[in-house]
Amino acid sequence: MGSKLRIVNGKVYDPANGIDGQVRDICVEDGRIVESVGSDAKKIDAQGMVIMPGGVDIHCHIAGPKVNLARKLQPDDHRYDVHPRTAFTRSGTGGTVPSTFTTGYRYATLGYTTAMEAAVTPLGARHTLEELHDTPVIDKGFYILLGNNVLLNQLMKEGRRDELKQAVAWWLNATRAYTVKLVNPGGDEPWKGRRNSVITDLDATVESFDVTPRQIITSLIEIANNLGHSGNYKTTLETMRMAGDSRVHITHIQFHSYGGEPGKNPVSMAPEIAAYVNDHPNISADVGQVMFGKSTVMTADAPVAHLLRRLGKDKRWVNSDTECESGCGIIPFSYQERIYTHALQWAIGLELFLLTKDPWRMVLSTDHPNGGSFMSYPKLIRLLMDRNFRDAEIKRVNQRAIRKTTLADGLAREYTLNEIAIVTRAGPARLLGLKNKGHLGAGADADITIYEEDADKEKMFSAPRYVVKDGKLIIEDHEFRADHEGRILHVSPDYDPGIEKVIKPFFESYYSIRFENYAVAEHYMRHNEQIPTGKAMAAE
Ligand SMILES: [Zn+2]
């Protein structure tokens, strides 16, 4: 690296350090932000521009076996959205599930420099790491799915708490993952192979495990910081209540904020969810906003995918099973303004953004590509910042749906640039415990985005003038000037090696892969950064 930069005259939005639009210099040396830099540094004049830390996507699906299945399922996307090579960057294909190279470049094109793949079966860790290594520019990590893991559920059922904790730590190490995610805990297992049963009640017993989703969630809350869980709004409220005072993150909460009778049209429960979140500082969430147009449903909630496959016009559908670990469903999808449910989902996301008071705890996501592509973030930012635009958009969608939401009351809130900087970078970085990201204080990674100010916020956030990654000028005057390899972010919590005596026999009996061949080998970890966890962080 070694490059030195001084960015002058720009308005800085760095909410983690309390800087809200003041003009000040940002200095960079050896890939980090520094207090000052010598006069030999390259100077960027950011007059009339806005400087923010690089964007951080806390929840998206960009790499691994299920993402690759989705690519194979939609060759039409590849044909119609070709991403050509340039002198500095490689070619690829786009659509809602871009190829690895295109994923990295397009995130950078929006000023995002970090993205976290949110659902990987532990068995898919190698494949995921291979694709993440191939995803240029951005830093990235992934979350492993443990909610339907057969061995962990056995330990839980037998009340072997400490072994459960050790096994989760072992799994994080074996896969080089960043954290743990739960989707429809205990819901895939009875659905696989037995009958089309769907668990909707937290206290219903999962037959093959003899534990309830409630037990799975409470057991893992004690261990993990990050929690995602599918269900209706009652389940969501119940999940948040069960957490007590523990820190819990609910992923794509929009998808879990529906009321109404089963089998009938859903209604919005966003005000109830927002009120609970407002009153409980231990709860955070990302929205999982739905955006109109093409999307790809990609979920570890296999039963939901099975239900959804009948609703769309596109008859393509994949459900796949990962032995002893999880299920997964993929469906090409399209959200349309005129359809009641789609308009309602779109409106609920906006309600959650507009009714929750603390942007640090309600951050931006579309659950890419589930609610829509990450390429729609600039339009979403405009919906939040520009009330006139939002009101015009509200008029275009199904009005029966809008009348069921508080958007019909004319919510006046407009996000400020400072709040956008929180929900797109400072907030996600803080929730992820990434101390060197999401801010521009000395010592932070020099991941910086510079936008030209524009009344049209969609235009402004679509194409930053400059993007700096690890101190390197990647985009200058809206064009790529360099390629770059980002890092894999992972954790490595301590565990008692004795736990292998519990895990190994299970592998020998039930897995198609031998225990010795399961953990990700060291050579997968070139260009990685180990992020401190739990006690190590608290001790600092
Ligand atoms: Zn997701």
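**Close-up 1. Contacts of Ser 376 in the predicted model**. Leaving aside residues up to four places away in sequence, Ser 376 touches Met 291 and Thr 366. Ser 376 sits in the loop that runs between strand S22 (362-363) and helix H13 (377-385). Thr 366 is 10 residues from Ser 376 along the chain, and the C-alpha atoms of the two are separated by 8.4 Å. The relative accessible area of Ser 376 is 15%; buried means under 20%, so Ser 376 is classed as buried.

**Close-up 2. Helix H9, residues 233-242**. Of the 10 residues in helix H9, 7 are buried, so the helix is largely enclosed by the rest of the structure. Four of these positions are named here by residue type: the buried residues include Thr 235, Thr 236, Leu 237 and Thr 239. Also buried in H9 are Tyr 233, Met 240 and Met 242. Just after the helix, Gly 244 adopts a positive phi of about 60 degrees.

**Close-up 3. Cysteines Cys 60 and Cys 328**. Cys 60 has a relative accessible area of 0% and is buried. Cys 328 is buried as well, with a relative accessibility of 10%. Both values fall under the 20% cut-off, which is why each residue counts as buried. The structure holds 0 disulfides. A disulfide is a covalent bond between the sulfur atoms of two cysteines.

Notes
Residues are numbered from 1 along each chain as its sequence is written. This is a predicted model: local features need pLDDT of at least 70, side-chain atom pairs count only at pLDDT 80 or more; totals for chains, interfaces and linings use all residues. Side-chain values use heavy atoms; hydrogens and water are left out. Buried means under 20% relative accessible area, exposed over 50%, partly exposed in between (1.4 Å probe, protein chains only). Helices (H or I, at least four residues) and strands (E, at least two) are DSSP runs, numbered from the N terminus. Contact means heavy atoms within 4.5 Å. A disulfide is a pair of cysteine sulfur atoms within 2.5 Å.
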